[in-house]
Amino acid sequence: MTAGQGGEAPTPPAPGLSGAVAVPGLRRRSRLLDRVSRHVLLAGAGINVVLVVLVVIFLLSRAWPTITDIGLGSFFGSTTWDPDAGIGFGVGMFGALAPIIGSFAVVLLALLIAVPFALAVAVFITDTNPRVGERFIRPAVEVFVGIPSVVYGYIGFIALLPLLRNIAPPGREGSGILAAGIVLAIMVIPTIATISADGLYAVPRALKEGSAALGATQWQTIRRVLLPAARASIVSGIVLGFARAMGEALAVALVIGDVNVIPSVTKDGLGALLQPFTTMTVTITDGVDKLAINPEGTAARYMLAVVLLLVTFLAIILVRLAARGRRGSRA
Amino acid sequence: MNRRLRRNNSIAIGVVRGMVLLLVALLVWMIVLMLSKGWSELTRGGFYTSVPNIGGPGGGIGPQLFNTIYVLVLSMLIVLPIGLAGGIFFAEYAGTGRVTNLLRRASETLATLPSIVVGLFGYAFFVQATNSHPSRLAAALSLTVINLPYVVRISEDALRALPPALREGSLGLGATRWQTVSRVLVPAALPALITGAIIAAGRVFGEAAAILFTGSNFSLTAHSNYSLNPFDSGDTLAVDLYVFRIQAEPNVVTDARQYADGVAAVLVLAVLLFNVGARLLGRAAVRRLQRTA
Amino acid sequence: MTAIERIQEPVALSPVPQPPRPANRVTPEAVTSAVDSPALKMSVHNLHCYYGDFLAVRNVSLEIPAGKITAIIGPSGCGKSTVLRSINRMNDLVPGFRATGSIMLDREDILGPTSDAIAMRRRVGMLFQRPNPFPTSIFDNVAYGLRIAGRMPKKQVAEIVERALERAALLDEVKDRMDRSALGLSGGQQQRLCLARALAVDPEVILMDEPCSALDPIATLRIEDLMRELAGSVTQIIVTHNMQQAARVSDATAFMLMGEGRAGELVEIGPTVELFRNPRDRRTEDYITGRFG
């Protein structure tokens with residue numbers, strides 16, 4: 001299409017491939033649409049950033065009163081948590097040490113249980129029984145993932161707690177760190193297993209063959225070559241499982257008892273695992289009905305959320321740094 | 001020497017297999033437990049239509065079921081277009097520069113947020129900042145925050161999985177980028193996109209923590225009575241299960257326990273259906289791709 | 001004598017008179033009597049290899065004289081690697097693989113039902129096409145075979161590792177960085193490391209599957225020199241698509257070709273110089289003179 005110059009009449013547009021005449025307006029419209037759509041799509045992707053920023057801003061701003069009114073010292077240093085006492089009169093206590101300890105204790109136990117099982121699943125799928133693994137175990141893992149967390153909590157409540165009640169000292173409900181750890185472990189196994197399996201798949205066949213050619217048994221190859229080679233994936237899977245477990249609220253709430261007293265290991269030994277306790281997420285959840293009416297308690301809960309986020313992000317960043325460092329040192 | 005090695009080998013592999021077997025048995029047992037306990041409720045027609053009646057028989061999950069579907073549809077309507085847009089951007093338009101990196105990092109960060117934190121944010125932003133009360137719209141918006149990274153990733157993967165010949169063919173005929181995307185690529189990726197949508201819907205179905213903070217009114221008895229107003233609050237099934245535990249005493253009142261079993265059974269059933277549905281569609285997607293390749 | 005010079009030297013033949021040999025028959029006696037060592041380390045009898053239903057190798061019979069280097073040559077896809085990998089039962093790792101016939105190592109049939117593949121692989125080592133060191137230190141790579149065999153005092157392990165590296169002509173280059181990652185070595189060094197790793201368990205036979213195809217010419221010649229040094233104490237079987245290499249390095253050569261149904265067959269086997277100067281089979285002659293393949 002050439003534009004007319006001066007007083008010349010514009011040349012008619014040339015026919016297109018199919019013999020149809022190319023319409024100048026249509027071309028321009030398509031180009032405009034192309035440009036507009038690009039920006040719209042960018043906006044769609046950009047909303048992610050907007051949301052992250054918003055989340056950070058709002059969480060921090062709602063948590064701020066903790067620093068000003070309550071003081072970080074008493075927040076992290078005290079274990080007395082009684083946020084709803086005398087609402088509005090400022091006599092509530094906001095020591096959050098107990099829930100923080102509880103979160104770590106529960107998640108640690110969960111990982112201790114989950115990691116061996118997750119690795120077993122990963123090794124099963126990739127090495128010892130790949131056919132059965134792909135056809136049955138992978139779909140089973142997906143079903144595991146799909147079950148809502150409340151249902152896990154509910155099953156824990158109606159099935160696991162009665163079981164634990166039998167081995168707990170009389171008078172106990174069976175709820176506590178052990179119950180929560182078991183429930184979380186089951187929830188987190190699929191995450192760790194899937195990522196570890198991907199890492200195991202990626203180990204080059206040549207390494208497996210090299211080990212076999214030297215006379216190693218299947219297990220020796222798995223233990224000495226495959227698992228170490230997939231170490232990066234396995235660690236990243238564990239960290240992701242850690243993050244998930246840290247953030248789980250309702251399933252834990254249903255089986256942990258929600259009592260803000262740190263169980264005493266020195267007094268009860270292993271029985272401490274069967275004492276009702278709490279975590280950060282549970283403490284946040286049990287204030288859900290008073291969010292509007294208890295500003296200080298709410299601020300403290302937002303602070304807990306901030307702590308939760310910081311712990312999660314820290315773990316993920318550590319893993320990314322470690323992965324980059326290892327990749328850099330390879331000659 | 002060799003005998004010991006062989007024995008260790010057999011033992012170790014046996015242990016691995018045993019552990020996996022244990023997990024599978026656990027899964028089966030959990031599903032069977034839930035379905036069997038809730039069976040009497042599941043098969044009672046009135047269960048799906050009547051309102052809860054704690055302390056007495058004959059209650060149902062009518063309003064909660066309605067709310068769940070309502071919130072599901074609402075949140076899908078919001079998150080699918082935005083997520084698809086983001087996914088298209090990453091797959092077709094994005095470069096490898098700093099901006100793209102930032103966007104990707106943001107999406108990944110969003111994905112790591114625990115749902116309870118999203119719930120708190122949802123309360124602060126969608127409820128408090130707008131000077132309103134918990135509503136199903138707020139719940140749907142919070143669910144968007146949770147699901148957005150997932151939908152973006154699914155969309156991007158679906159588009160990237162398409163054979164480059166498709167793209168090149170369209171561009172080679174003089175189509176613009178947008179025409180290629182809208183007329184050729186998205187339709188071709190549709191099965192994979194639908195599968196992803198179903199999985200995302202499954203996650204919404206089971207989500208409780210975020211909705212608890214943004215859309216719930218914490219009681220089983222106050223309902224929205226099947227209202228269509230997005231600004232009304234309401235409990236979904238998953239929230240219901242949790243709230244119920246707090247409010248009622250399942251150890252004491254047997255009907256209450258039965259009710260909870262029914263709710264749990266419905267949730268488990270829904271998960272299985274979503275899973276099977278997504279899997280069947282996944283297979284159709286693969287077959288479709290092979291035909292266009 | 002370097003590898004290149006050797007090609008000019010006539011091979012010392014034993015003075016045993018040669019019986020008249022019909023055109024296409026492979027006679028074990030021909031090989032044994034021609035090459036100056038009557039002992040057979042390994043022999044393959046009527047080997048058939050199947051991948052599922054597909055016959056990949058048909059009726060191959062070979063004799064491997066002890067302490068000598070036997071080469072298997074032929075165009076791509078003729079089954080030479082399959083035969084080699086059957087000799088140390090590496091093909092067991094491939095699902096659906098089946099081998100019939102017998103493979104004798106000294107007096108034991110490796111393919112027999114009571115045979116212990118794992119123990120056998122310590123007597124029959126393998127070098128692969130691409131060097132495949134483990135991503136650990138140089139020391140740990142060489143010590144691997146020792147450690148999986150059982151407990152051994154650290155001092156003994158260190159001594160054996162040193163000796164193996166020496167035999168592989170690598171010790172001088174790595175002796176002050178044994179703790180560093182093996183992946184920091186060059187391609188040629190890595191392959192010599194893999195050789196040291198194989199030598200550490202003191203194998204009687206070493207199989208080499210095109211060990212130099214990923215290496216530059218200088219590294220290749222070093223490996224060939226090492227092979228000559230090892231001959232006498234170790235029996236070697238090398239698969240190569242490089243005829244010149246086979247002519248340079250081996251004492252006996254077997255020529256394989258893809259036959260009907262795409263199954264590999266043995267065409268001819270004999271002392272290397274004879275095979276190259278005076279091939280008995282027309283097909284061998286065609287291959288050697290480059291008329292195909």
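This is a predicted model: local features need pLDDT of at least 70, side-chain atom pairs count only at pLDDT 80 or more; totals for chains, interfaces and linings use all residues.
Trainee: How many residues of H5(C) are buried?

Mentor: To judge burial, count neighbours: 20 or more other C-beta atoms within 10 Å make a residue buried. Helix H5 of chain C covers residues 138-149, and nine of its twelve residues are buried, so the rest of the structure largely encloses it.

Trainee: What follows H5(C)?

Mentor: C:Gly150 follows it. The phi of C:Gly150 is positive, near 145°.

Trainee: At what angle do H5(C) and H6(C) pack?

Mentor: For a helix pair, look at angle, distance and hand. The angle between H5(C) and H6(C) is about 110°, and their axes are 9 Å apart. That makes H5(C) roughly perpendicular to H6(C). Their crossing is right-handed.

Trainee: Which residues of H5(C) and H6(C) meet?

Mentor: An α-helix has 3.6 residues a turn, so residues three or four places apart point the same way. Now look at the contact. H5(C) brings C:Phe139, C:Val142, C:Ala143 and C:Leu146. H6(C) brings C:Val157, C:Ile160, C:Val161, C:Ala164 and C:Leu165. By class, this contact has nine nonpolar residues, no polar and no charged.

Trainee: Where do the axes of H3(B) and H8(B) stand: how many Å apart, and at what angle?

Mentor: Helix H3 of chain B spans residues 62-93, and helix H8 of chain B spans 177-206. Their axes come within 9 Å and cross at roughly 140°. That makes H3(B) oblique to H8(B). The crossing is right-handed.

Trainee: Which residues meet in H3(B) and H8(B)?

Mentor: From H3(B) come B:Thr68, B:Leu72, B:Ser75, B:Met76, B:Leu80, B:Ile88 and B:Glu92. From H8(B) come B:Arg177, B:Val181, B:Ala197, B:Ala201, B:Val204 and B:Phe205. The classes here are nine nonpolar, two polar and two charged residues.

Trainee: Which domains does chain B have?

Mentor: The domain assignment gives domain 1 as 1-37 and domain 2 as 44-292. To see how domains meet, count the residues on each side. Four residues of domain 1 are in contact with five residues of domain 2 in chain B. On the domain 1 side, three are nonpolar, none is polar and one is charged.

Trainee: How many residues of chain A are in contact with chain B?

Mentor: The size of an interface is often given as the accessible area lost when the parts come together. Here we count residues instead. In chain A, 65 residues are in contact with 65 residues of chain B. Helix H1 of chain A, residues 24-70, gives the largest share of the chain A side, with 22 residues. That side has 44 nonpolar, 15 polar and six charged residues.

Trainee: How many helices and strands are in chain A, and how many in chain C?

Mentor: Chain A has 13 helices and two strands. Chain C has twelve helices and ten strands. In chain A, 48% of the 331 residues are buried. In chain C, 46% of the 293 residues count as buried.

Trainee: Is A:Ala197 buried or exposed?

Mentor: A:Ala197 is buried, with 27 other C-beta atoms within 10 Å. Its place is in helix H6 of chain A, residues 177-201. Leaving out residues up to four places away in sequence, A:Ala197 touches A:Ala122, A:Ile125 and A:Thr126. Now compare sequence with space. A:Ala197 and A:Ala230 are 33 residues apart in sequence, and their C-alpha atoms are 8.7 Å apart.

Trainee: Where is C:Leu275, and is it buried or exposed?

Mentor: C:Leu275 sits in helix H11 of chain C, residues 272-277. It counts as buried, with 25 C-beta neighbours inside 10 Å. Not counting residues up to four places away in sequence, C:Leu275 touches C:Thr253, C:Phe255, C:Glu268, C:Gly270 and C:Thr284. C:Glu108 is 167 residues from C:Leu275 in sequence and 30 Å away in space, C-alpha to C-alpha.

Notes
Residues are numbered from 1 along each chain as its sequence is written. Chains are lettered from A and ligands numbered from 1 in the order in which they are written. Axes are lines fitted to C-alpha atoms, for helices over the stretch in contact, and angles run from 0 to 180 degrees between N-to-C directions. Helices (H or I, at least four residues) and strands (E, at least two) are DSSP runs, numbered from the N terminus. Angles under 35 degrees count as roughly parallel, over 145 as roughly antiparallel, 65 to 115 as roughly perpendicular and the rest as oblique. A crossing is left-handed if the near helix is turned anticlockwise from the far one by less than a right angle, and right-handed if clockwise. Two residues are in contact if their C-beta atoms, placed from the backbone, lie within 7 Å. Ala, Val, Leu, Ile, Met, Phe, Trp, Tyr, Cys and Pro count as nonpolar, Asp, Glu, Lys and Arg as charged, and the others, Gly among them, as polar. Domain bounds come from an automatic or database domain assignment.
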